[in-house]
Amino acid sequence: MKILVALTSIALLALPAAAAPAPLDKPPRWEYAELSYRTVPGRPGGVAADGTEVPATPSSVTVHWITKDGEVEAKDWPELAEKLKAKGFKKEGSAAYQKIQMLNILGEEGWELMDQGGSAASLSAALADRGTRGGGFRVSSSSTWLLKRRVP
């Protein structure tokens, strides 16, 4: 019996000890950024109520990129890509295609969407637009996205 107790004790001592839990890693650190854009559709030319010709207005996009390093404002997606030195950006294609390209480039840099401040549409009427054929109202839309990426 004593031999059995001794052998059991030796066997228990020979078992590997349970590994201590790994020390907790540092909590992740994040960098945040904001991407906002505003689209104003073009307006066809027309004739004012007094008979003067009103020139057409082209559509426009304004893009604003804000990070801890500063702010970048651009008149369109290609200009933003150029200012950010985005590789692989193709200037041809629609504004929607260019926006998706820019989002993919930012995603490749580690940025992920956290929150989207819903698209807002607003009506604007400039005094010069009143009295033209087709009405003077233009609908513009804007959107703001909050992004984050992990900092090493």
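Is K83 buried, partly exposed or exposed? With a relative accessibility of 43%, K83 is classed as partly exposed, where buried denotes under 20% relative accessible area, exposed over 50%, and partly exposed the range in between (1.4 Å probe, protein chains only). The model is predicted, so that local features require pLDDT of at least 70 and side-chain atom pairs count only at pLDDT 80 or more, while totals for chains, interfaces and linings use all residues. Residues are numbered from 1 along each chain as its sequence is written, and side-chain values use heavy atoms, with hydrogens and water left out.

Side chains of opposite charge can pair when their charged atoms come close. Five salt bridges are found in a search of the whole structure, a salt bridge being a side-chain nitrogen of Lys or Arg within 4 Å of a carboxyl oxygen of Asp or Glu. One of them links K83 to E79, with an N to O distance of 3.2 Å. Both residues belong to helix α2 (residues 77–83) and are four residues apart, about one turn of the helix; helices (H or I, at least four residues) and strands (E, at least two) are DSSP runs, numbered from the N terminus. Another salt bridge is formed by K75 and D76, whose closest N and O atoms are 3.7 Å apart. K75 is exposed, at 54% relative accessibility, whereas D76 is partly exposed, at 22%. A separation of 4.0 Å is found between the closest N and O atoms of K91 and E82, which also form a salt bridge. K91 is exposed because its relative accessible area is 53%, and E82 is likewise exposed, at 57%.

The largest nonpolar core comprises 19 residues, such a core being a set of buried Ala, Val, Leu, Ile, Met, Phe, Trp, Tyr and Cys residues joined through side-chain atoms within 4.5 Å. L35, V63, W65, W77, L80 and M102 have the most contacts inside this core. Two or more residues each are contributed by β1 (29–40), β4 (60–67), β5 (70–74), α2, α3 and β7 (137–151). Apart from neighbours within four places in sequence, W77 is in contact (heavy atoms within 4.5 Å) with L35, Y37, V61, V63, F89, A95, Q98, K99 and M102.

Helix α3 spans residues 95–108 and includes Q101. Q101 is buried, at 10% relative accessibility. When residues up to four places away in sequence are not counted, Q101 touches G88, F89, K90 and E92.

Strand β4 has a covered face made of V61, V63, W65 and T67, and an uncovered face made of S60, T62, H64 and I66. Strands count as paired if DSSP finds at least two bridges between them. The pairing of β1 with β4 is antiparallel and extends over seven bridges; I66 in β4 is the bridge partner of E34. Strands β4 and β5 also run antiparallel, joined by five bridges, and V72 in β5 is the bridge partner of W65.

M114 lies in strand β6 (residues 112–125) and is partly exposed, with a relative accessible area of 40%.
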